[in-house]
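Good morning, and thank you for the time. I would ask you to keep the sequence and the coordinates open while I speak.

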Amino acid sequence: MNTNQPSEYNNTGQSKTKTIIILGILTAYVPFSIDTYLPAMTHIADYFGTTSARMTFSLTTFFIGFATGQVIYGPLLDLYGRKSPLYFGLVISILASIACIFAWNSSSFIVFRFIQALGASVASVSALAMVRDFFPPEESSRVFSLLVLVIGSSPLLAPTLGGYITAHVGWQWIFVFLSLMAVAVMSLVYFALPVNYFPDKNSSLKISDLAKDYWAILNQRQFITYALAGAFSFSSLFIYVAGSPIIFMEKYHMTAQSFGIVFAMLSVGFIGGSQLNILALKRFSSQQIFRFALICQLSIAMLFYIGTLNGWYGRNTIIVFLFLILLCLGFTSPNGIALALAPIQKKLGSASALVGTIRIGIAGLTTGGIGLLNVTDGEPIAGMMVVTAVISFSILFVNRKRMSLSFTIR
């Protein structure tokens, strides 16, 4: 438990449940900012007179803004507490969402998406930090799995909602919805989430001090191993998010609403994996689960790539392979975060920011490959999934004997 925790916090089961629900909703804001507009991507491309491949750069810049913002907000969360920086970032996100509505070309839209992510990123990094504010390290894998349930639920709702909004009132109203959602999140945090962290008065915003703090965190062998291995594993989710509209809507000519249904179905794999992870933690450690799930992810991705390379698979088979890969991510994602943060006792805001930056930065950059390769089918997507899984496994394999794990997480 964070040493800066106020003593008046009531750590009952009811309080824990309420806290997890609020943190889950807070964490879901960024996935909604991504998933809601995916069914509208081809419509936005048509509106600006460009291609869907070009519009994937609005995802890439969003992920870059997401990663950059977390580095900025981490120290602010340590110095000023969790809520004030959260409100500031969400206001920026609201203003950028409104700007997206009035974008005059694809380039301005891409820039506004970057700013939107720069603000929205505070929601994710503050939620990660507050998990450790409210819960001890040995409970973190379970709590992160519950948060993944909420995060994973967003693809069940967001694309369907985005497709409905696009079809009936136009894609611009998606960003009206995101603005209203940010207002609702701020209200919920203000009125319902208890304060459970005293600002660290020893924190500093000097560049030299921030660099020193980040360097100390990065020198934790367990932190950097699982942060990097988890990030490259997690990249498959972003590759799928960026590439699926092109595969299903352009190659297989699905409508926006049909794509939303398929996207929602596939998200069940991610959700299911995260909830099965809670059961698996009763018998196996986080380290064992992460390693096994990563091996499965790599094997499935290789079969996916071989089949697409030889033209063996149709639309339904591709859906099955994507489902299985997302199932694996439901195991690797929460355990990777928990294992990375486990040895950190102080500067949790900065450590959470680094985890998020590494994960989103690496995963986000992979989406740029989809635009650069001008993807039109599943082969490049499967190939990128293989490459990132190989890198993830290599990082874990090389460092497996050099880590001194702080403890075994269950």
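I shall go from the overall fold to the core, then to selected helices and loops.

A word first on the source. This is a predicted model, in which local features need pLDDT of at least 70 and side-chain atom pairs count only at pLDDT 80 or more, while totals for chains, interfaces and linings use all residues. Residues are numbered from 1 along each chain as its sequence is written, and side-chain values use heavy atoms, with hydrogens and water left out.

The protein has 15 helices and zero strands. Both are DSSP runs numbered from the N terminus: H or I over at least four residues for helices, E over at least two for strands. Of the 410 residues, 61% are buried. Buried stands for under 20% relative accessible area, exposed for over 50%, and partly exposed for what lies in between, with a 1.4 Å probe and protein chains only. Taking contacts between residues at least 6 apart in sequence, 86% join residues at least 24 apart; a contact here is a pair of heavy atoms within 4.5 Å.

Let me turn to the core. The largest nonpolar core has 118 residues, and Phe109, Phe223 and Phe248 have the most contacts inside it. Such a core is a set of buried Ala, Val, Leu, Ile, Met, Phe, Trp, Tyr and Cys residues joined through side-chain atoms within 4.5 Å. Helix α10, residues 221–251, gives the most to this core, with 16 residues. Another core, of five residues, lies apart from it and includes Ala280, Leu281, Ala293 and Phe331.

Which residues does Phe109 contact, leaving aside its neighbours within four places in sequence? They are Tyr37, Ile44, Phe48, Met55, Ser58, Cys100, Ala103, Trp171 and Phe175.

Phe175 brings us to helix α8, where it is buried together with Ile174, Leu178, Ser179, Met181, Ala182, Val185, Met186 and Val189. These residues cover an arc of only 160 degrees around the axis, which puts them on the same side of α8; the arc is that of the directions from the helix axis to the C-beta atoms. On the other side of α8, Leu180, Tyr190 and Phe191 are exposed. As for length, the 21 residues of α8, 172–192, should span 30 Å at 1.5 Å a residue, and the end C-alpha atoms are 31 Å apart, which agrees. The expected span is 1.5 Å times one less than the number of residues.

Helix α9, residues 207–218, may be read likewise. Leu210, Asp213, Tyr214 and Ile217 are buried in α9. Seen down the axis, the buried residues of α9 fall within an arc of 95 degrees, so they line one face of the helix. Ser208, Lys212 and Trp215 are exposed on the face of α9 turned away from the buried side.

Next, a helix pair. Helices α4 (residues 57–80) and α5 (residues 83–101) pack at an angle of about 140 degrees, with their axes 9 Å apart. Axes are lines fitted to C-alpha atoms, for helices over the stretch in contact, and angles run from 0 to 180 degrees between N-to-C directions. From α4 come Tyr73, Leu76, Leu77 and Tyr80, which meet Pro85, Phe88, Gly89 and Ile92 of α5. This contact divides into seven nonpolar residues, one polar and no charged. In that count, Ala, Val, Leu, Ile, Met, Phe, Trp, Tyr, Cys and Pro are nonpolar, Asp, Glu, Lys and Arg are charged, and the others, Gly among them, are polar.

Now two loops. Not counting residues up to four places away in sequence, Ile344 touches Arg132, Ile217, Gln220, Phe223 and Ala351. Met254 lies in the loop between α10 and α11 (256–280), and counts as buried at 12% relative accessibility. Phe248 is one of the residues in contact with Met254.

Finally, Ile395 lies in helix α15, residues 378–399. The C-alpha atoms of Ile395 and Ile224 are 9.6 Å apart, although the two residues are 171 apart in sequence. Beyond the residues up to four places away in sequence, Ile395 touches Thr225, Leu228, Ala229 and Phe232.
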